[in-house]
Amino acid sequence: MLKLKNVSKYYYQDGVIASGINKVNLELFLGEFVVITGESGSGKSTLLNVLSGLDTYEDGEMYINGEETSHYTEKDYLEYRKKYVSNIFQNFNLVNSYTVYQNIELAMLMNGCNKKDIKKKVNELINKVGLQKYRNTRASKLSGGQKQRVAIARALAYETPIIVCDEPTGALDSKASTSILELLHEVSKDKLVIVVTHNKSEILKYATRLIRMHDGNILENRVVKEVNLDNQIEIKEVKNINYLSRIRLGIRNTFNLVAKFCLMIAIFLLIVISLISNYGSMKNSEYEESVNAYSEYFQNNSDLRIIFNKQDKSIISEEEYAKIKEIESVDYVVNNDLSNDYILFISSDNIFIDGSIYTKSLTKVDKGRLPDNDNEIVLIVNKNNEYINYVNDELFNTEFRMEKIDDPIKIVGIYYSDEYNDYSYGLYLNNDLNKKVLNTMYEEYIKSSAKLNDKILNTYYEIKINYNLKENEAYIKDINNGYCKNYNCQNKDLVISTSSIYGTKELNLNIKSVYDKNNAKRLLDENYDEIDNVIYISEIDYNKLFNLSNYQGSVFVKDIKDLNEVEKSLKSMNFNTLKLRDAKVNSLAIFEQIYKIIKLIVTIILIATLFFITYFIIKIIYKSRNSYFATLRSLGASLKDCVSILRNEIITFATISYLFIITLITLANKNIIIIKYFTDMTKYLNIGEYLLVYLILIILAILISYRYGRKIFSTSIMKNYGERI
Ligand code: ADP
Ligand code: MG
């Protein structure tokens with residue numbers, strides 16, 4: 001069944017060639033119990049390793065079941081070992097951190113057995129080798145004899161026809177040796193057992209063939225007991241460890257060594273933190289850049305602002321505004337969107353301030369008080385605004401003039417806000433003043449035309465509100481009387497139309513009165529001479545014509561991170577949206593682009609450096625694991641299997657560390673615990689970016705496990721054992 005023809009194996013070490021075995025000829029059969037003896041260094045182990053495919057040979061031919069093996073590749077040897085050979089070693093080569101059960105199970109897992117079969121078989125084997133009591137004991141806690149029993153059970157677990165034992169009792173006392181040999185003999189009927197031993201006398205009673213070696217040569221090869229030779233062997237289908245088992249082993253290995261666990265977690269915590277910090281600070285500076293950018297069209301260029309209007313440019317109803325207010329993460333909604341971007345000038349003899357209307361509602365001020373009446377306002381500034389700090393008291397005692405507003409304005413309060421920089425101001429007006437300002441503002445955006453008695457009014461005129469008028473009523477000045485027959489416009493039609501970017505509107509009004517020198521005072525409470533050509537209409541009609549507020553609004557989100565989410569909700573409600581962030585330009589854009597590219601390169605270098613540092617640390621940690629992977633290999637694991645098991649282990653480490661940090665960040669961001677560093681770093685990170693960090697970890701794990709796996713498989717199994725620390 002197993003035949004060697006002139007097989008030689010040489011060792012190359014430090015440029016010197018040593019012969020392990022020399023032109024060995026041998027034929028062994030199923031059912032034999034072969035005992036190999038010889039002094040130390042005579043080539044016994046070399047012979048066994050060649051027979052069992054743990055090592056290659058240089059010269060000659062080896063046949064298994066008549067098949068020649070000298071052309072075998074790594075993969076063929078793996079298959080060969082899985083089909084034919086189990087090994088028992090002098091120093092057991094168990095996984096010390098695994099229990100008895102897990103050690104035996106490992107052999108079956110490597111060969112793709114399913115869990116149910118494994119459980120039954122492993123328990124049977126544990127009983128067979130008499131370790132019932134130690135089923136869940138870690139291998140490291142067992143005595144030498146017990147360990148070798150586990151090794152025997154493991155060799156039997158996956159039923160190969162050949163069992164190769166290299167000095168199985170070499171590390172045991174004589175009592176344990178006897179019982180191990182007895183056990184070996186008992187469990188290995190019908191198999192080919194090859195044992196190397198010093199313990200000749202004990203074993204001779206079992207031996208069917210005796211081989212004596214010297215200096216790499218076979219001195220004696222003698223059959224001492226005839227056996228019923230049956231060379232019909234059952235060749236099994238070769239199966240690999242399945243996917244689930246690889247995951248299970250990966251996870252098991254994560255936790256089985258406390259020191260390794262702590263070290264690996266520490267490393268991955270560091271990696272996760274530095275990745276998130278780096279990414280976070282990149283996002284932070286990106287955000288700061290955008291704060292410094294400006295927009296030509298929009299005065300209020302808060303990054304938290306999203307402007308919206310309806311896709312068909314129609315009026316936004318009150319219900320729709322109410323719904324928008326209910327969107328999660330919306331801080332506040334401004335209906336009069338234009339007021340966000342309208343600049344107001346107020347000035348006195350010494351002080352000149354231009355600011356935008358403050359659209360949030362104010363409930364308190366930092367200095368002074370809230371406005372009580374129409375001509376009082378609150379100034380909103382940055383706390384560090386030197387000019388305001390300088391004029392301080394004068395500010396409160398000065399009368400200001402505001403464009404198009406007749407009455408003088410007084411500043412009664414100051415509110416500090418970081419939304420403004422050293423040169424920008426907000427003006428908070430009470431409702432009535434706000435309305436007046438908005439009206440003047442709308443007129444700037446709206447063109448109007450009037451038809452009197454079907455004739456277009458060609459003279460210059462203004463349209464103003466008169467609060468005594470009802471809907472559809474108007475007053476006109478007597479100078480327009482020429483447009484009416486017999487100079488009597490009273491009760492005649494006045495058609496006013498307005499047009500804006502949102503379309504045109506038309507109102508049919510009825511002229512209630514024509515005002516002249518005599519009745520102006522009574523009708524309007526004003527001197528006729530001081531009135532330009534003004535058409536007075538009711539407030540309702542005025543708003544119908546000039547109020548643009550319902551066509552476009554702005555929402556301000558609570559947090560920059562919510563921007564996309566809120567925009568999505570608005571889009572799903574059929575609104576056009578514009579994030580103000582996207583409408584800004586930055587005059588330093590080119591430099592910033594270059595700066596960004598440099599930063600990106602630095603980040604990539606950082607990640608690469610991290611990768612290598614991690615790789616080397618992990619390599620050092622895993623050096624002590626070479627024997628583990630050698631054991632897996634000796635039980636039939638391929639490169640792919642080992643890499644996959646290792647990868648699953650490293651991914652588990654990465655995932656635990658990642659989830660730990662993510663939990664801390666979440667708690668910090670919810671203010672349950674206070675870690676300022678995390679809240680600062682993650683201000684602008686969103687879910688996609690967190691996932692990217694995880695992806696980098698996974699890639700790291702894949703690369704590390706692949707490189708490490710390649711390294712292990714670049715040498716033979718026996719060498720892997722040798723490299724153990
Ligand atoms: P035994 O098991 O009978 O003690 P070995 O098969 O281990 O003998 O060794 C046979 C010869 O090969 C010895 O001379 C030994 O020094 C040499 N040898 C064994 N393993 C190696 C190795 N990994 N590298 C170099 N020489 C080796
Ligand atoms: Mg040896």
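1. Basis of the values. The model is predicted: local features need pLDDT of at least 70, side-chain atom pairs count only at pLDDT 80 or more, and totals for chains, interfaces and linings use all residues. Residues are numbered from 1 along each chain as its sequence is written, and side-chain values use heavy atoms, with hydrogens and water left out.

2. Domains. The assignment, whose bounds come from an automatic or database source, gives domain 1 (2–238), domain 2 (246–287 + 589–720), domain 3 (294–335 + 550–582), domain 4 (337–431) and domain 5 (447–546).

3. Domain 1 against domain 2. Their C-alpha centres lie 40 Å apart. Domain 1 brings 22 residues to the contact and domain 2 brings 20 residues, where contact means heavy atoms within 4.5 Å. About 1900 Å² is buried between the two domains, 58% of it on carbon and sulfur atoms; buried area is the accessible area (1.4 Å probe) that two parts lose on being put together, summed over both.

4. The rule finds 3 salt bridges between domain 1 and domain 2, a salt bridge being a side-chain nitrogen of Lys or Arg within 4 Å of a carboxyl oxygen of Asp or Glu. Glutamate 74 forms a salt bridge with arginine 633, and their closest N and O atoms are 3.4 Å apart.

5. The domain 1 side. Helices α2 (74–84) and α3 (100–110) each supply at least two residues of the side that touches domain 2; helices (H or I, at least four residues) and strands (E, at least two) are DSSP runs, numbered from the N terminus. The most comes from α3, with 6 residues.

6. An open sheet. Seven strands are arranged in the order β21-β20-β24-β25-β23-β26-β22, with mixed pairing; two strands pair if DSSP finds at least two bridges between them. β21 (455–456) and β22 (462–465) stand at the edges with a single partner strand each, so one side of each is left without a neighbour in the sheet. Strand β20 (residues 447–452) runs antiparallel to β21 and is joined to it by 2 bridges. Leucine 452 has lysine 455, in β21, as its bridge partner.

7. Arginine 149. This residue lies in helix α5 (residues 144–157). Its contacts, leaving aside neighbours within four places in sequence, are Val129, Leu131, Ser179, Ile180 and Leu183. The C-alpha atoms of arginine 149 and leucine 125 are separated by 9.8 Å, the two residues being 24 residues apart along the chain.

Key. Chains are lettered from A and ligands numbered from 1 in the order in which they are written.
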